[in-house]
Amino acid sequence: MTTARSDAAVGEEPAAPAKPAGPADRRERERLRRRAARRRGGGWWPYVFLAPWFAGLFGLTIYPMLDSLYLSFTDFDLLTPARWIGARNYTHMFSDDPVFWDSVHATLLYVAVSVPLKLALALGVALLLNRPLKGIGVYRAAFYLPSLLGGAVAVAIVWRQVFGGDGLFNDFLGWFGIKGQDWISSPDTSIYTLILLAVWQFGTPMVIFLAGLKQLPKDVYEAAAIDGAGTLTRFFRITLPLLTPIVFFNLVLQIIDGFKTFTPAYVVSNGTGGPLDSTMLYSLYLYKKGFTDLQMGYASALAWVLFLVIAGFTAVNFVASRYWVHYDD
Amino acid sequence: MGHQISRRTLFRTASGLAVTGALGPALTACAGGTGAGSDHGSLTMTWWGSDERHAAYQKALATFGKNNPKIKVETRYSGYDGYFDKFNTQVAGGSAPDLLQMDTALVAQYARKGILAPLDSYVGKSLDLTGFSKTLLAAGTVDGKLYGVPSGIGVNQLTVNRSGLERLGLKLPGREWTWNDLKKIATDVYRKSGGRIYGVDDGGGSTLQCFEIFAREKGQPFFSDDGRKLGFTADTLQEWWEFWTGMRTDHACPPPAITSAAHNDLTKNAVVIGKALFTFDSGVYGAGGSITDAQLDFLPTPQGDFAGAREGNFVNGGVLLSATRASKKVADSVKIMDFFAQDPTAIKDMRLLRGIPPTEKARSLISAGLNDTDKRNMAMADYLSRRVTKASDALPAPVPPPQGANRIWDLLFQSNLAVAFGKKTIKAQLSEFFDQAQNILAG
């Protein structure tokens, strides 16, 4: 409404002046008139340019989500029409499906261990790389590299080879006379190989930390140095508090990412989630249910539970952040 | 009506995306890229297998194309891993292949859901099944209708690393051997190799070539005829798991980490990695291609040596060729099935790559061109199918397994592993297995 009125005002303006119209005035009037016309008549143009985005939002996000919400109340098997079964998928999940709980357990363990380690490592390396060293760009690139390979299937395959019974890791242990085991296919260690893989890919949070460190005000450090603050004091009293918004941002993102992890678990366990469901991350279980066991209705219910859990964790994060995240302003 | 159908199609297409949408990009790789249209005049055919099998299919289809220039065949192939995941997605998206290689273990599920085209009306006309035995055709028959043409005879054979056995100074057991003979020779392998090699891969959780036959020796099928229940008793499974627990204690079979690593991965099979000399996984040879340099030999699955033991082995259909019901080219697909079933060049091209050829005529056609190992394989299959046919006490060949069967087999595998890793006692795992299996079959 306000824009419309100001448009009108602009449009009327040319009629107001009483001075004889010089060439400069005419040019000015012409310019204003054209701008007004553009504003009035072109109101829908932005939406044309936004249309692909809207199509994406509704066609690829909102509609499928609502559809999957509907399917989560059916016994849809992908091949024959869906049949409404009420909340049975949800009650089955919580009361009657041991593998569901195995996958919850594996996923929570995965997130709870990998995220803090990953962030700590990312921050540590970012501090090291935040120095005016010769060839620093090369180091930064080298540390970021594993993350570029990120979800790649190839890395997960390499992981299988490295931590398998006759893999490189056991060869390495062999130099010290330690007899290794098959880390991937032992139910007590397999999930930790996935966690290690996640931690190894710390590049993305590292780059964000690095950007954050560059923003920190130099004068504060100078003042602290004058007051005789040591490295540790400076880190805990200045760097970390000033960096909390960045820590928070990384934490939220990594938790969400952690809950959604699929590729490494799928590849490392050969699509089985084994041994004994120890690497059955939630997304992998969901995939197996939908596409292998032909229980797409159940898979949709699993997807919604995951969605709600992630939303819950994120909300808790935001609430908790009030107590430990410090913003400048 | 038309409107309704199109809405349903839309529904199905979106469903794959639905899960994806909620999960973000993690799954897009799985859902995307499968939209293979099959309505562009050419017929789409898919199969899984080894490189050798791919090449053989291609070669045979080239000949078919020459004789049938009007039928254009577009081929897609992969390993077994993910093959049916992809097929499910394609069916849901309305872009299923016209003709596909089908697993005998899954044919009933797809037939009952109305995905596959019944072939009976073509048999004797454009589909010539002369020479196919009734037991063989049973592999593709669901509720009395034919949904798939068997590619060959599949029998349950153990693959043996014969040269490895000879190096240890051990002799190949005779064909009429028992579970106790297996235990004895497998223990000998461990002892004679100085503890470097175990005897046989852990069969406690393998279904098809192993436990199913053991149960049938006791007169119990794996699934009841209507597919709604398990056909074997808890006592039978308990005895089975106790046998394999004993095998592990004696180092006759490898520890669970090796067994677990080989799950879904032929390249980690105990025989392939040189940790055992006997394997129940026939994929080591044949469909999987020869991955081991050793000289291979073959033995039937052992027999029970208790009183009243019955013939447990049976003949099934290798793999099947099936057409999808929604396809507009079922008649053309049938022509290709007929070509693979009867055409001499196709039979020669496929050799043993889809099992032992189904007919006497086909077997004699290829026998000249076989290598030594192929010959041994065929001879053993021939011997075994004769023995099964002659046996008066054998159960009829198993009916095509019900929906959920693959989940039950996976459950069996995981259960055996839980026992092997010492996470569960046999008793506790037994009741869990039966509870879960019941749940799946009722589901």
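In the predicted model, the side chains of Glu28(A) and Arg31(A) meet in a salt bridge, with N and O 3.3 Å apart. A salt bridge is taken here as a side-chain nitrogen of Lys or Arg within 4 Å of a carboxyl oxygen of Asp or Glu. Both Glu28(A) and Arg31(A) belong to helix H2 (residues 23-41) of chain A, where they are three residues apart, about one turn of the helix. Over all chains, the count by this rule is 25 salt bridges. The model is predicted, so that local features need pLDDT of at least 70 and side-chain atom pairs count only at pLDDT 80 or more, while totals for chains, interfaces and linings use all residues. Residues are numbered from 1 along each chain as its sequence is written, chains are lettered from A and ligands numbered from 1 in the order in which they are written, and side-chain values use heavy atoms, with hydrogens and water left out.

Between chain B and chain A, about 4,000 Å² is buried, 60% of it on carbon and sulfur atoms; buried area is the accessible area (1.4 Å probe) that two parts lose on being put together, summed over both. Chain B contributes 45 residues to the contact and chain A contributes 44 residues, contact meaning heavy atoms within 4.5 Å. Four salt bridges are found across this interface. In one salt bridge, Arg407(B) pairs with Asp293(A), and the closest N and O atoms are 3.6 Å apart.

On the side of chain B that touches chain A, the elements giving two or more residues include helix H1 (2-23), helix H16 (405-420) and helix H17 (426-442) of chain B. Helices (H or I, at least four residues) and strands (E, at least two) are DSSP runs, numbered from the N terminus. H1(B) gives the most to this side, with 12 residues.

Chain B has an open sheet of five strands in the order E2-E1-E3-E13-E6, with mixed pairing; two strands pair if DSSP finds at least two bridges between them. Strand E2 (73-78) and strand E6 (149-150) of chain B are the edge strands, each pairing on one side only. Two bridges link strand E1 (residues 43-48) and strand E3 (residues 99-103) of chain B in the parallel sense, and Met45(B) has Leu99(B) in E3(B) as its bridge partner. Helix H3 (residues 51-67) of chain B packs on this sheet, its direction making about 150° with that of E1(B). Axes are lines fitted to C-alpha atoms, for helices over the stretch in contact, and angles run from 0 to 180 degrees between N-to-C directions. Helix H12 (residues 330-342) of chain B also packs on the sheet, at about 155° to the direction of E13(B).

A further open sheet in chain B has four strands in the order E9-E10-E8-E11, again with mixed pairing. Strand E9 (198-200) and strand E11 (296-300) of chain B each have a single partner strand, so one side of each is left without a neighbour in the sheet. The twist averages 20° from one strand to the next.
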